2 protein chains.
Amino acid sequence: MLKRVLDEARHASRLRETSPEADTRERILEAGSDLFQRRGFNGFSYKHIAVLLGLRHAAIHYHFRNKSDLGLALLQRYRRIFLEWAEELESRVDDEWDRLQAYFGLYVDYQRSGSLICPSGVVSNDFDSLPEAMQEEARQLLRDRWNWLTRTLDNGRSAGKLNFPGRAAERALVIGAAMQGALQIDRVTSNNRMEQIIAQLELEMRRDVSDIDNGRSS
Amino acid sequence: MLKRVLDEARHASRLRETSPEADTRERILEAGSDLFQRRGFNGFSYKHIAVLLGLRHAAIHYHFRNKSDLGLALLQRYRRIFLEWAEELESRVDDEWDRLQAYFGLYVDYQRSGSLICPSGVVSNDFDSLPEAMQEEARQLLRDRWNWLTRTLDNGRSAGKLNFPGRAAERALVIGAAMQGALQIDRVTSNNRMEQIIAQLELEMRRDVSDIDNGRSS
DNA sequence: GTCTATAGATCGATAGAC
DNA sequence: GTCTATCGATCTATAGAC
């Protein structure tokens, strides 16, 4: 069982590309991140990380006293990476349609990294068994994504770049839920279902741009 | 930790309503089903079930030699229940819109039973760590749902009961993924996000029916 | 069918040497 | 910072009494 996990994890090329000079704390977070999205918070141990990094599990405890600390650091890291991604994207890309494309791209990347589940999906699934400190951070993680999607959809419709019926906040919920589920479904059917889902979501938001005037009056 | 799990599980009123006469095998499956959707396949043990049923864990092994057998039986049971649900529904309800409402109702029931995750969501998340026999059954579980949704959407659009752009099979993927994600998101935000998602999905499928009828001129 | 008792593995975590 | 060694808890599973 352990061997199987490690075989899977080694497929994540990101790990191999980690420079040997990177300090141990960061390497732990990278390995932990991969295991977290592959097996869930309760599905990996200090030993899994230790083997991947060529250390003993006691060494991990030096950097993260207990697993709750490690999990919290992982969630904070996910939040930071997402917010930095959004900031960089918005400084570079103006069109909300293109921004949404970039958002979908995040999920395609997860899929291509060996059918990883998105961080929101992991915390949603394991929520009841997470330490309380992680639960609060998990709520914020989902809120960050929701806020970004809502804002992007709202601005995009106002600018005529995309369209959808109803309120942006609720369409954002549907898109977030669908992408989260898509990544999970894709790992079972392994038939590029996620790209079909992305294509369908795009189709739904593009087709009504032409009747933006008469579509919303009912 | 164990205590916390059991406190949570006892909230599932279905368990309390189980008649004492029900044979042990079926009671194991009922308790296992609740734990499965609450904690994932790796998140519960024979001991959890045993405590809930007032037995010793060795007794569970008499009915299910190992956990893989138990898990397989759970998945087969989920598939049977869904297919029976669909058959009963279709013998009673003709309108595809109403059938879709009933489908959404399944998820509302899960949510009200203490934010359970749907079976498809659990197997998707735990897929990599499932025994091989369970993986094949998991694929079928998702396929059953997808087939049913595709058929219902296709027939419903042909009959003018609902509308959506693109192909039924792909819209079915979006709806399945969105409902699966909705249940997960709901358990984190605990703010009835799922009902908002259902309302949005309904809005998206209803709004264009009038466009077709009115030739988009109103 | 259910029990007691036990096996071996793995888990998260700590103490103390180097 | 990383190591060896060890702890107590929990896990899946089996043997054998009743």
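Seven nonpolar, 7 polar and 3 charged residues make up the surface near DNA strand D. This is a predicted model. The tour starts at the DNA, then moves to the protein fold and the cysteines.

Stay with DNA strand D. There are 17 residues around DNA strand D, and those that come nearest are A:Arg56, A:Tyr62, A:His63, B:His57 and B:Lys67. Within 4 Å of the protein, sugar and phosphate account for 64% of the atoms of DNA strand D. A polar side-chain atom of A:Tyr62 sits 2.7 Å from a phosphate oxygen of DNA strand D. The side chain of A:Thr24 places an N or O atom 3.0 Å from a phosphate oxygen of DNA strand D. Chain B reaches a base. Here a polar side-chain atom of B:His61 lies 3.3 Å from a base nitrogen of DNA strand D.

Which elements build this surface? At least two residues each come from α5 (57-63) of chain A and from α4 and α5 (57-63) of chain B. The most comes from α5(A), which gives 4 residues to the surface near DNA strand D.

Look at α4 of chain B on its own. This helix covers residues 46-53. Its buried residues are B:Tyr46, B:His48, B:Ile49, B:Ala50 and B:Leu53. After α4(B) comes B:Gly54, with a positive phi near 70 degrees.

Now turn to DNA strand C. Of the 17 residues around DNA strand C, the nearest are A:Ser45, A:His57, A:Lys67, B:Arg56 and B:His63. Sugar and phosphate make up 67% of the atoms of DNA strand C that come within 4 Å of the protein. One base contact involves A:His57. A polar side-chain atom of A:His57 is 2.4 Å from a base nitrogen of DNA strand C. Chain B meets the phosphates. A polar backbone atom of B:Arg56 lies 2.7 Å from a phosphate oxygen of DNA strand C. For B:His63, a polar side-chain atom is 2.8 Å from a phosphate oxygen of DNA strand C. Two or more residues of the surface near DNA strand C come from each of α4 (46-53) and α5 of chain A, and α5 of chain B. The largest share belongs to α5(B), with 4 residues. By class, the surface near DNA strand C has 7 nonpolar, 7 polar and 3 charged residues.

Next, the fold of chain A. How many helices and strands does chain A have? The count is 12 helices and 0 strands. Along the sequence, the pattern is α-α-α-α-α-α-α-α-α-α-α-α. Chain A has 218 residues, of which 54% count as buried. Take the contacts in chain A with a separation of 6 or more: 67% of them join residues 24 or more positions apart.

Last, the cysteines. How many disulfides are there over all chains? The count is 0. Why does A:Cys118 form no bond? B:Cys118 is in no disulfide either, with the sulfur of A:Cys118 as its nearest cysteine sulfur, 14 Å away. Are these cysteines buried or exposed? A:Cys118 is buried, with a relative accessible area of 2%. B:Cys118 is buried too, with a relative accessible area of 1%.

Note on methods:
Residues are numbered from 1 along each chain as its sequence is written. Chains are lettered from A and ligands numbered from 1 in the order in which they are written. This is a predicted model: local features need pLDDT of at least 70, side-chain atom pairs count only at pLDDT 80 or more; totals for chains, interfaces and linings use all residues. Side-chain values use heavy atoms; hydrogens and water are left out. Buried means under 20% relative accessible area, exposed over 50%, partly exposed in between (1.4 Å probe, protein chains only). Contact means heavy atoms within 4.5 Å. A residue is near a molecule or strand if one of its heavy atoms lies within 4 Å of it. A polar contact is a pair of N or O atoms within 3.5 Å; within protein, one must be able to donate a hydrogen and the other to accept it, and residues adjacent in sequence count only if both atoms are side-chain atoms. Ala, Val, Leu, Ile, Met, Phe, Trp, Tyr, Cys and Pro count as nonpolar, Asp, Glu, Lys and Arg as charged, and the others, Gly among them, as polar. A disulfide is a pair of cysteine sulfur atoms within 2.5 Å.
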